[in-house]
Amino acid sequence: MTVEYAPGAGDSPHLHPGYAFVYVMAGEMVSQLDGQSKQVYRSGQSWFEQPYEHHVTCRNASTSKPAKILVFFLLEHGSKNTIDLPEAEHK
């Protein structure tokens with residue numbers, strides 16, 4: 001799937017029940033997985049997520065330019081690709 005982020009936009013904390021490979025197609029993204037520091041990924045870079053790994057931060061790094069990512073999921077047939085988490089689970 002592809003996801004486009006307006007300048008400054010991002011996702012709420014979430015996880016994926018399967019593996020996720022994320023490739024930055026355009027712009028720059030800030031990503032932080034549970035227990036890791038925030039990283040900035042630029043166009044052409046990627047990251048990998050383990051099943052059920054909490055994705056604490058995922059947002060466009062720019063407040064003036066859009067960003068776009070391509071996500072490949074390896075999931076059990078019929079499962080949702082994303083599970084939103086309450087903010088309290090990350091504190």
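Modeller: Here is a short tour, topic by topic. This is a predicted model, so to speak of local features we need pLDDT of at least 70, side-chain atom pairs count only at pLDDT 80 or more, and totals for chains, interfaces and linings use all residues. Residues are numbered from 1 along each chain as its sequence is written, and side-chain values use heavy atoms, with hydrogens and water left out.

Colleague: Which residues make up the largest nonpolar core?

Modeller: That core has 12 residues: Val-3, Tyr-5, Ala-20, Val-22, Val-24, Met-29, Tyr-41, Trp-47, Cys-58, Ala-67, Ile-69 and Val-71. A nonpolar core here is a set of buried Ala, Val, Leu, Ile, Met, Phe, Trp, Tyr and Cys residues joined through side-chain atoms within 4.5 Å. Buried means under 20% relative accessible area, exposed over 50%, partly exposed in between (1.4 Å probe, protein chains only).

Colleague: And which elements give two or more residues to it?

Modeller: Strand 1 (2-5), strand 3 (19-26) and strand 8 (67-74) do. Strands are DSSP runs of E, at least two residues, and helices are runs of H or I, at least four residues, numbered from the N terminus.

Colleague: Take Val-22. Is it buried or exposed?

Modeller: Val-22 is buried, at 3% relative accessibility. Val-22 sits in strand 3. Not counting residues up to four places away in sequence, Val-22 touches Gln-45, Ser-46, Trp-47, Glu-49, Ile-69, Leu-70 and Val-71. Contact means heavy atoms within 4.5 Å.

Colleague: How far is Val-22 from Phe-72?

Modeller: They are 6.5 Å apart, C-alpha to C-alpha, and 50 residues apart in sequence.

Colleague: What does strand 3 pair with on the strand 6 side? How many bridges?

Modeller: Strand 3 and strand 6 run antiparallel, joined by 4 bridges. Two strands pair if DSSP finds at least two bridges between them. Ala-20 has Glu-49 in strand 6 as its bridge partner.

Colleague: Which residues of strand 6 are on its covered face?

Modeller: Trp-47 and Glu-49 are on the covered face, while Ser-46 and Phe-48 are on the uncovered one. In a regular strand the side chains alternate between the two faces of the sheet.

Colleague: Now the surface. Which residues make the nonpolar patch?

Modeller: Tyr-19, Phe-21, Tyr-23, Met-25, Phe-48, Phe-72 and Leu-74 make a patch of about 670 Å². Strand 3 gives the most, with 4 residues. Patch residues have over 30% relative accessible area and no salt bridge; nonpolar side chains (Val, Leu, Ile, Met, Phe, Trp, Tyr) are joined within 5 Å, like charges within 9 Å. Areas come from the Shrake-Rupley method with a 1.4 Å probe, and for residues only the protein chains shown count as cover.

Colleague: Switching to charges. How many salt bridges are there?

Modeller: The whole structure has 2 salt bridges. The term means a side-chain nitrogen of Lys or Arg within 4 Å of a carboxyl oxygen of Asp or Glu. Glu-4 pairs with Lys-68, with the closest N and O atoms 3.8 Å apart. Glu-4 lies in strand 1 and Lys-68 in strand 8, so this pair ties together parts 64 residues apart in sequence.

Colleague: And what about Glu-28 and Arg-42?

Modeller: Their side chains meet in a salt bridge at 3.3 Å, N to O. Glu-28 is in strand 4 and Arg-42 in strand 5, 14 residues apart. Glu-28 also stands opposite Arg-42 in strand 5.
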